[in-house]
Structure formats: structure tokens, C-alpha cells
Amino acid sequence: MTPSPQPPIEHTEPHGHNGHAHAGPGPSDGHPGGHSDRPSDSHFDGGSRASDGSSDGHPPGPSHGHGHSHGHGPAAPVSKHLRKVIAAVLIPFAVAVFVGMVVLWPGGAPGHERTGVGFDRQTQQGVVVSIEQVDCKSVNAAQVPATGTPAAPGGSGGQAAPTGECKKATVEVTSGPDKGRTFVEVVQPGAPRQLEDGQEVVVAYAPDAPRDLQYSVIDVNRKLPMALLAGIFAIAVVVVGRMRGLFALVALVVSFGVLTLFILPAILQGSNPLVVAVVGASAIMLIALYMCHGLTARTSVAVLGTLVSLLLIGLLGSGFIDWAFLSGNTDDNTGLIHGLYPDIDMSGLLLAGVIIGSLGVLDDVTVTQTSAVWELHHADPSMGPRALYRAAIRIGRDHIASVVNTLVLAYAGAALPLLLLFSIANSSMGSVANSELVAEEIVRTLVGSIGLVASVPVTTVLAALVVSADRPGSPAGAPAAGPVRGRGRRRKR
């Protein structure tokens, strides 16, 4: 191998890069093998590693000299012109989302007169102060209280025969205007939820019922274990993710804020659920992605890929929900919503749920694919867009398989009791799939999965084009060899 010695050249640019020696294999004055053509994190690039010690210098080669025209210092992997193009697309989109939120902002959920059915009940907190074992016959355990139904998940009212020993619980109300008042709750032996002495419970209040039947236990208080689990989750995210994990938690809180303060009240006020879902999901996407991953070109490409995929999901979902005649009113909860707010478009609410449910997984896929393209470019800057796409799409295929399986299993797990009922009834797969309850989940799963599958090539193409287009430096001065390895040291030839 013939060496190609190069004389040291004095530089006069005010960047402090003076006297680089390119002939020796050892590190020079703290710079990794010469001046760098890679960006630093201070640029709007999203993919640089200028400060992490990874090989940021030019690859060695006979043609490497100081004849190229660009100045010293890091440069972004996309040109200033291309960054302006990205901004020209995303800034109007962000402004449109902001204007949409202002126009559709509900100002709170509309009030209504409580029906006392299902979740639409007045509730207070309570605590079990004593438990007494009694004969079920002596307390008429089969009687259904005025605040519940035989099929209600809470309460003690079931239709079991009054035999055996029952629990007679004395419950004290600990919140509300009747704080300190006590009532008796009878729990049958076969009830799915048994009460214990000192247990905190949630009680329902029916003001129109007789005084002795105004209060009944409908659930247990789970605030402490839920809060503890949330705390463990937050600590784990921050310990592993550090600042990035902290920002992710903040973005999660913001997402719930948009959902509870904007999306849900706006739908209840009669706004089009699809429009509300698109605006709300777009706001969540912009806030979460840029907060977690920074205001960079890499994040902007992920935003664009997510936006295209959400548009596809919306179009497919709208078409197939109408074609399959899915009403969105399939259970007690949706029936109650429709009864309280008859102006709500339930099929539009179903489509809104598909869009919002797909957003979280879409963010994961698009960010991962964009990061893969950026890291491949970082490892080999000489790769063109086609080579970058081919390398990154192989990563995407593995991601597609795992994500689609995750979606299917998640929806199947949510609908497992329903599937068990169909299995008990010995229903055929065709009749099961044709029922509206299952058809909704099938459409939700398949439409979301199609959007996820499409997001991989779409995001990969966008990232490959952006990261390789209009790179600084002319072809005459571009390196021909692979990347430098090591920290501050050029590879020997």
C-alpha cells in the first residue's frame, strides 16, 4: 500500500484549527484526525454525536487534503435550504393545530342531570368500620338495593339464593355532606368482591331513594396501590432515561391534559369527534415528540411520517367504519353516552378512538426508523438515499412484525371476556367476526396495523432523503473511504 504523505498546512480561519498533522496515526491536538464534517447537537439536525467522542473526523484516504471549499467547524447533515423546507411544512401545520384547538376549545364538559345509572352516579368515599357474620335468610340477601342492579359490578345486590352465611358490613361515609353517616351493606358468600374491616370503599348516593337505601358500596378504593405503582413507574423511567425520561413523563402528563381538557369535553359539547381527534392527536404528537427528542430535523421527519400515517388511518377508518355499518354503540357505556348526549356521532367517536389509539405506537415506529437512518448515515456518511433506505427498511421489517403482533394481542386481551362468551356459546369464527362488538375490534386493529406498516417505508424514505440531500461539501472534496474508528485517532492504512 503506497502512502500518500501530505504536508501540514497553516490555516487562517478563526476557528482555532491550526497545525493539524495528518500523516501520523496518533491523535492530534484534541481533534479526532482533523477537522470535522459532522454536526454537533447545537444544530437543527437531530443526529449528531460531535460531543460523544465517536469518530467525527474525515476518513483517511489519498485524496484527503485541505482543498475543499467549506470552512472549519461542524455542519448540519441537511442544508439550510432543506431545513427551511421542513420548517415551511411543519410551522403552518403547528399553527393550524393551534388555531383548531382555539376554535374547538370547549371550556369544560357540559352539565347534565345525573341519571344514577352506571358511571353516571353521585359517589362519595367511605370506610368499613365493622364486619358481622349473619345468616343470609335473616337479612334478605337477595334483595337488590335501589342504587344497583343485579348485573352491576359493584354493590351487594345479586340474585343468589339467600342461604349460608353473609357478611353484614357497617360502612361510614367519609366525604360529602353526609360525612359521618353510617349504613349497612350485606355481602353474599359468592360475591366477587368481599369487604374487610377497615377497608376503604367507594359508595354511591341516590338522593331520591328511601333514606335506608340511599347509600351502597359500588367499589373499593384503589388510590394507594395505583399511586404507588405510578410512582415506581416514574422512578424507573427517570433512573433509566435520566433527563430524556423526565421529559417523557412531562409529555405524558401533557398528553393526558390535552385528552381530558380538550378532546373529551369538545366531543361532549357536540363537536365533530373526527376533527377533534385529529386536532388533539396532532397537538399531542407535536408536544410529545419535540419535548422528548428535541427541536431537530430528525424529530421533524418523525413528525411528518406520523402525520402521513395518521392521515392514512383516518381515511381507511372512515371508509371501513361506514362500509361495515359500525354504529359505535355496542355496550352499556356507549349506550349511556348516546342516551345522555344524543347529538354525539358515535361512529365518529369510534373513528376518533382508532386515531388516538394508534398515535402512541406510531410515535414509537417513526422515531425508531428515523433514528435508524440517522445512525446509519452517521456510521457511513458516503451512503446515498437508496442505500440508506435499503439498510433501514431491514430494521423496519423486524419492527413491523413485533408491533403488529403487539397491537393484535393488546386488542385481543381487552376483548378476552367477550371472546370467552362466544367460545362458551360454541359460535363459529364467522359469526363471531360478524358481530358488531368483535367487528369493531377487528376494524380498529387492522386499520391501525395498516397505518403502522405504512409508516415504516414512508418515514424511512423521508429520513433517507432528508439526511442525504444537499449535504455540505462538494463532490470534489467528499471523502471516498469509510468512517474513522476510535477516539481522536485515524485508522492506519
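A disulfide here is a pair of cysteine sulfur atoms within 2.5 Å of each other. Keep that cut-off in mind as you look at this model, which is predicted.

Let's start with the cysteines. Cysteine 136 and cysteine 166 meet the cut-off, with their sulfur atoms 1.8 Å apart, so they form a disulfide. Searching the whole structure turns up one disulfide. If you follow the chain, you'll see that the pair links distant parts of it, 30 residues apart. Cysteine 136 sits in the loop between strand 1 (122-135) and strand 2 (165-173), while cysteine 166 is in strand 2 itself. Now look along the S-S bond: the torsion of cysteine 136 and cysteine 166 is about 105°, so this disulfide is right-handed.

How accessible are these residues? Buried means under 20% relative accessible area. Cysteine 136 comes out at 1%, so it counts as buried. Cysteine 166 has a relative accessible area of 0%, and is therefore buried too. Cysteine 292 is also worth a glance: its relative accessible area is 14%, so this residue is buried as well.

For a contrasting view, go to helix 1, which covers residues 80-104 and contains phenylalanine 98. Is phenylalanine 98 buried or exposed? Its relative accessibility is 56%, so phenylalanine 98 counts as exposed, since the cut-off for that is over 50%.

How values were computed. Residues are numbered from 1 along each chain as its sequence is written. This is a predicted model: local features need pLDDT of at least 70, side-chain atom pairs count only at pLDDT 80 or more; totals for chains, interfaces and linings use all residues. Side-chain values use heavy atoms; hydrogens and water are left out. Helices (H or I, at least four residues) and strands (E, at least two) are DSSP runs, numbered from the N terminus. Buried means under 20% relative accessible area, exposed over 50%, partly exposed in between (1.4 Å probe, protein chains only).
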